[in-house]
Each structure stands twice: as C-alpha cells, then as structure tokens.
Amino acid sequence: MGCLRLLVNFQTNSDSPVALGEPDDIVTLSLLPPSQASTTFHFLNSSPSVSECDTNILSSPESTSSSHSTSSRSAGWPSGIFPVPRFSYDAELELEKANAAFQKDGTLLNPRHKLKCAILDGLKEEILKFKIYPNASDFADVASALVKAHPCLREPGSASGYDGWKVSLQWKFPSFRRQLQELETPERTVNALKNKPDGKCSPAYRVKKPRRAEVNYCPNYPSGETTETLEQMRVLLFAEVNKRHNEENVKKMMDKTFALRRLEILQDCPMVADFKLRWPALFQVNEVSGA
C-alpha cells in the first residue's frame, strides 16, 4: 500500500485577459477560454515507509480506559498564552505577598533557591503535558506567561523581563530528559544512541519528536503491560479481526496496543505494506473512519 500524490500544473496564456489580473480574479475555470488555459495532472504512486506518511491517522487511545500511560498527551501546544499552573502551597503564599508589594510600590522579588526550584518544577510539569522537546520559542512563551501571571518575578535589567527564566527552563530540560532515559521511557529511548545507525551515533542525528499539534507521539506502555504481552495481543488480533460483529473488542485491543505500534513506526520505519501485514485491523474501515 503506497501513498498516492497528485500534482496539478495550471498554466494560462500570458495574453489572456484573466491572466493579466490578480490571481484572486480567477473565480472558476469555466471562465477561461480552452485555447488559453491548460491543466496537467500528475499522479505519483510510491511506497514510502510509514514514518514518511502522516501518522496522525493511526488509531489512538481515546477511550476512557484506566490503563492509559502517564505520557499520553491529548492536546497540542497552547495557541494563546501558556497556562501557568498553581505551584506548591508555600510558593503560592510567597508569590501572593510579593505580587501585592509589586502592585503597591513596584518592588521586584528576588526568589530564594527553594522558591525558584518550586516554580521551575511546576512549569516543567505543565510543559510535559504538551511536549518533552520544547524549543526556544516554547520556553519564551512559558517565561513570558510566568511574569504576566506574577509580575513580581520580572527581572531588572532584562529587555523582556523574563530572559533568565527562559534560560533556566532551557537548562532544566536536558537534565530531566536524561533522567527519563534512565527510566527507559519510550519517548527518550527512541532517541538513544544505541538506537541510531552505525556511524551516525550523534545526539543531534534525527531526533524524533512530535510535530506541532501532534499528540500521543510515543506513549509509555499501559500499566502492567510489556513488549511481550502486547506482542501476544497483536497476534491474537489476527483471529479477532476475522470474527463477525467483533468491532468493539478489536477497538479495545487496538487502543491497548497503540504504544507498541507507535514505537515500531519510530524505531523501525517499516514500509506501509509490511506494516499492514503486522496490523491488518488498523486498515479496516472502522479504524480509519474513527481515527
């Protein structure tokens, strides 16, 4: 099974009255004389790997199952102001007092180490709800939202007022990702050096991370499940998919094995035809229409 691509090449004669106007003037092709316009269609059929096609159509665990992994993400990066979370009780008390002082006479807070750690940890947890590989623009969004929510945290001498908070977040995430790799979370191990091709064992080589608005990129296995148990369930799906009136059971099993499919795609980059042989249920009408 390949990806069918359509390329359209539309050309008009430079002497055409329509061609002399703006592109927006063309309302319908029927307005153009046949002698002064031509349209060429090119159909390209290829068999790329699954990773080269849009993988957002893959079945995702959207049911309200208690077996969802902690790394499942149901929303993309916020399009507006980043939602600043509530911090620990004592941190919120200190910030409330400092914000009141700022409103009174403009006094800025120089946070203690304990308070700064509490703020950074709270922001880190909120960021992880959306992505594990935030970029510089994302960190700037978070830092900007922080000083808007708590103006007492603005930094004197900084052009933006939050450059220091941005840098602190940037330094915090690499160390945190190293901790996740030690815990062997799929979202980190998929980028481990041991999983990269020989001769290209560079940390920067093909870092696999979600695109904008892509969720459930590489979730952990459901609680109590391993690669072996999910592989057994994959094999059982061959029999279940051929049973009549069994769509609900197939859907539950596909939801539960979602993490295994994602890991296969990211690590192995299989061809579409090979992936279809391993996961025939994914290409059924119920799965495609419900994705």
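Predicted model: local features only at pLDDT ≥ 70, side-chain atom pairs only at ≥ 80, totals over all residues.
## Notebook: rings, cores and a buried aspartate

I started with the rings and found four aromatic pairs in the structure.

**Aromatic pairs.** I looked up W77 and F130 as one of these pairs, and the geometry is edge-to-face, with 5.8 Å centre to centre and 70 degrees between the planes. I then checked where the two rings come from. W77 is in the loop between β2 (37-46) and α1, while F130 is in the loop between α2 and α3, so this pair ties together parts that are 53 residues apart in sequence.

Next I took F82 with F130. This pair is also edge-to-face, at 5.9 Å between centres and 70 degrees between planes. F82 sits in the loop between β2 and α1 and F130 in the loop between α2 and α3, so here the parts tied together are 48 residues apart in sequence. F82 is at 4% relative accessibility, so I count it as buried. I noted W77, F82 and F130 together as one aromatic cluster.

**D138.** W77 turned up again when I went through the contacts of D138. I placed D138 in helix α3, residues 136-149. Its relative accessibility is 2%, under the 20% cut-off, so this aspartate is buried. What does D138 touch, leaving aside neighbours within four places in sequence? I got W77 and K131. With K131 there is a side-chain to side-chain polar contact of 2.9 Å.

**Nonpolar cores.** The largest core has 29 residues, and the ones touching the most other members are I119, I127 and W165. I listed the helices that each supply at least two residues to it: α1 (89-105), α2 (113-127), α3 and α4 (163-182). The largest share, seven residues, is from α3.

**Cysteines.** How many disulfides does a search of the whole structure find? I got zero. C152 is at 0% relative accessibility, so I wrote it down as buried. C269 has a relative accessible area of 30%; that falls between the 20% and 50% cut-offs, so it goes down as partly exposed.

Note on methods: Residues numbered from 1 in each chain as written. Heavy atoms only, no water. Helix = DSSP H or I, 4+ residues; strand = E, 2+ residues; numbered from the N terminus. Buried < 20%, exposed > 50% of the residue type's maximum accessible area, 1.4 Å probe, protein only. Polar contact = N/O pair within 3.5 Å; in protein donor to acceptor, adjacent residues only side chain to side chain. Contact = heavy atoms within 4.5 Å. Disulfide = S-S within 2.5 Å. Core = buried A, V, L, I, M, F, W, Y, C linked by side-chain atoms within 4.5 Å. Phe/Tyr/Trp six-rings, centres within 6.5 Å; stacked < 30°, edge-to-face > 60°.
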